[in-house]
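Trainee: Hi, could you walk me through this one? I'd like to start with the strands and then look at the helix.

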Amino acid sequence: MKRILLLTLAIVAAVGFTALGVWQVERRAWKLDLIARVEARVHGPPAPPPAIFIRRADEYRRVRLTGSFLHDHATLVQAVTERGPGFWVMTPLRSNGAVVLINRGFVPASNTGYSRPDNATITGLLRASEPDGGFLR
C-alpha cells in the first residue's frame with residue numbers, strides 16, 4: 001500500500017515538475033521576444049505618437065511630442081528608488097488636441113520643488129498604464 005502511495009506521489013510530482021519546466025521554456029521564449037521588440041524600438045528614430053495605441057505594436061516606441069504642460073493637473077506619485085523615497089512627477093502635456101501623461105522624473109521626498117516649463121518638445125518612450133495599487137509602484 002505504501003509503495004502504491006509513494007509511486008502515485010512520485011508520478012504526480014514528475015508531471016508537475018514537467019509542466020513547470022515547459023512553462024519556464026515558454027516564458028523564456030516570450031521574454032526573449034519582448035526584449036528583442038523593446039531593444040528594436042528603444043533605439044529606433046523618434047516618430048509622432050500613433051492615433052490609436054495598440055499595446056503590443058506601440059509599447060516602448062520612441063515618440064516625439066511638442067505641446068504645453070497642464071501644470072494644474074500635475075500629480076506626484078509616491079515611489080521608492082535607489083535614491084530613496086520620493087515622487088515621480090506626472091504632468092499632462094497637450095499636443096495637437098490630445099493629452100498625454102508625461103513622467104517628468106523623480107524628486108526626493110525632502111524636495112518636491114521642480115521646474116515647470118510651459119511648452120516643451122519631449123522625446124521619450126510610449127508606455128501603457130501600470131496596474132493599480134501600491135504594491136507595483
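This is a predicted model: local features need pLDDT of at least 70, side-chain atom pairs count only at pLDDT 80 or more; totals for chains, interfaces and linings use all residues.

**Strands first, then the helix**

Trainee: How many bridges join strand β1 to strand β3, then?

Mentor: There are 2, linking β1 (residues 62–69) with β3 (residues 84–95), and the two strands run antiparallel.

Trainee: And how many bridges are there between β2 and β3?

Mentor: β2, which covers residues 75–81, pairs with β3 over 7 bridges, in the antiparallel sense. Val-77, for instance, has Trp-88 in β3 as its bridge partner. β2 and β3 also make a hairpin, with 2 residues between them.

Trainee: What about β3 and β4?

Mentor: Those are joined by 9 bridges, again with an antiparallel run, and β4 spans residues 98–108. Phe-87 stands opposite Val-107 in β4.

Trainee: Which residue in the turn between β3 and β4 has a positive phi?

Mentor: That's Asn-96, at about 55 degrees; β3 and β4 form a hairpin with 2 residues between them.

Trainee: Switching to the helix: is Leu-6 buried or exposed?

Mentor: Leu-6 sits in helix α1, residues 2–42. Leu-6 counts as exposed because its relative accessible area is 58%, and the cut-off is over 50%. Together with Leu-5 and Leu-9, Leu-6 forms a nonpolar surface patch of about 330 Å² accessible area.

Trainee: How far apart are Leu-7 and Phe-106 in space?

Mentor: They are 57 Å apart, C-alpha to C-alpha, with a sequence separation of 99 residues.

Key. Residues are numbered from 1 along each chain as its sequence is written. Side-chain values use heavy atoms; hydrogens and water are left out. Patches are made of residues with over 30% relative accessible area and no salt bridge: like charges are joined within 9 Å, nonpolar side chains (Val, Leu, Ile, Met, Phe, Trp, Tyr) within 5 Å. Accessible areas come from the Shrake-Rupley method with a 1.4 Å probe; for residues, only the protein chains shown count as cover. A salt bridge is a side-chain nitrogen of Lys or Arg within 4 Å of a carboxyl oxygen of Asp or Glu. Helices (H or I, at least four residues) and strands (E, at least two) are DSSP runs, numbered from the N terminus. Buried means under 20% relative accessible area, exposed over 50%, partly exposed in between (1.4 Å probe, protein chains only). Two strands pair if DSSP finds at least two bridges between them.
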